[in-house]
Amino acid sequence: MRHAVVSDIHGNLEALSAVLARIAPDDRVLSLGDIVGYGPDPNACVALVRECASIAVLGNHDVGAIDNHALDSFNPAAREAIAWTQGVLSSEHEAWLDGLAYEHREPAFLMVHGAPQNYFEYILDKEAAARAFAATDAPLVFVGHTHIAEYYALRPDGAIAHEHRQHGGTLTLEAGTRYIVNVGSVGQPRDLNPEASFAFYEPDESRITWMRVPYPIARTQDKIAQAELPALLADRLSAGR
Ligand code: ZN
């Protein structure tokens, strides 16, 4: 079965809709968290993920929205957007988010928002990747959180390889090598490509395929302005950073 792995939707309905249009009805959808925060459509995005995702784990913005967790670590624009999100998020969607777990493990893979065990750590370099590999025995770890499409590979000799996939592309999974796969962000990419990012995982083919999907960014930016969310949250969408 093909899996479609999405992360960091951040209330961007236009980006999520464009991504879902690329996903087939019989794909298994996995969500790595941060469905809300930053963007103007948290309720619609939670509703769509609830409808289509088989498994969803929590992101730091989801936890921030439901119980003010670690908001002092958020930048001012992110904090303002969380306060706005708390004001509009329906109690039903809040309760659904509150019921999600921080991780999901299957024999073939682990799903976490940021990193194994330290769920909201940012894997930004090989040192952080080495800590993350040491924190789990999963052969394949799906992460988001940094909004950067890339992967780290831990080879049998202990060497760690790292490659970006900010323009899409594939990776063939080799037996004996372990992987941390960052699927990038649907709703707020930060790898200098403004197109929505997600990845397909095909276990039978041992293959990951990163996808980039254009969407009507200006429409999302208009909604951010109408909601009186910080302007920089709109500006960054067209820059992809
Ligand atoms: Zn995020």
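Q: How many salt bridges does the structure hold?
A: This is a predicted model, and the structure holds 10 salt bridges. Asp 191, for instance, pairs with Arg 212, with the closest N and O atoms 2.8 Å apart.

Q: Which parts of the chain does the pair of Asp 191 and Arg 212 tie together?
A: Asp 191 sits in the loop between strand S10 (178-183) and strand S11 (196-202), and Arg 212 in strand S12 (residues 207-213), so the bridge ties together parts 21 residues apart in sequence.

Q: Is Asp 191 buried or exposed?
A: Buried means under 20% relative accessible area. Asp 191 counts as buried because its relative accessibility is 9%; Arg 212, at 10%, also counts as buried. Another salt bridge joins Asp 137 to Arg 105. There, Asp 137 counts as exposed at 60%, while Arg 105 is partly exposed at 36%.

Q: Where do nonpolar side chains tend to be in soluble globular proteins?
A: They tend to be buried together. Here the largest nonpolar core has 44 residues, and those touching the most other members are Val 6, Val 19, Ile 23, Leu 97, Val 186 and Phe 198. Helix H1 (residues 13-20) gives the most to this core, with 5 residues. A second, separate core has 22 residues, including Leu 30 and Met 111.

Q: What shows where empty space is left?
A: Rolling a probe the size of a water molecule over the atoms shows this. In this model, the largest pocket holds about 230 Å³ of space. Of its 16 lining residues, Asn 60, His 61, Phe 74, Tyr 122 and His 145 are the closest to its centre. By class, the lining has 6 nonpolar, 8 polar and 2 charged residues.

Key. Residues numbered from 1 in each chain as written. Predicted model: local features only at pLDDT ≥ 70, side-chain atom pairs only at ≥ 80, totals over all residues. Heavy atoms only, no water. 1 Å grid on protein atoms, 1.4 Å probe; cavity = no way out; pocket = protein on both sides within 12 Å on 5 of 7 lines; lining within 4 Å. Points joined across faces, edges and corners; volume = space filled by probe spheres on them. Nonpolar A, V, L, I, M, F, W, Y, C, P; charged D, E, K, R; others polar. Core = buried A, V, L, I, M, F, W, Y, C linked by side-chain atoms within 4.5 Å. Buried < 20%, exposed > 50% of the residue type's maximum accessible area, 1.4 Å probe, protein only. Helix = DSSP H or I, 4+ residues; strand = E, 2+ residues; numbered from the N terminus. Salt bridge = Lys/Arg side-chain N within 4 Å of Asp/Glu carboxyl O.
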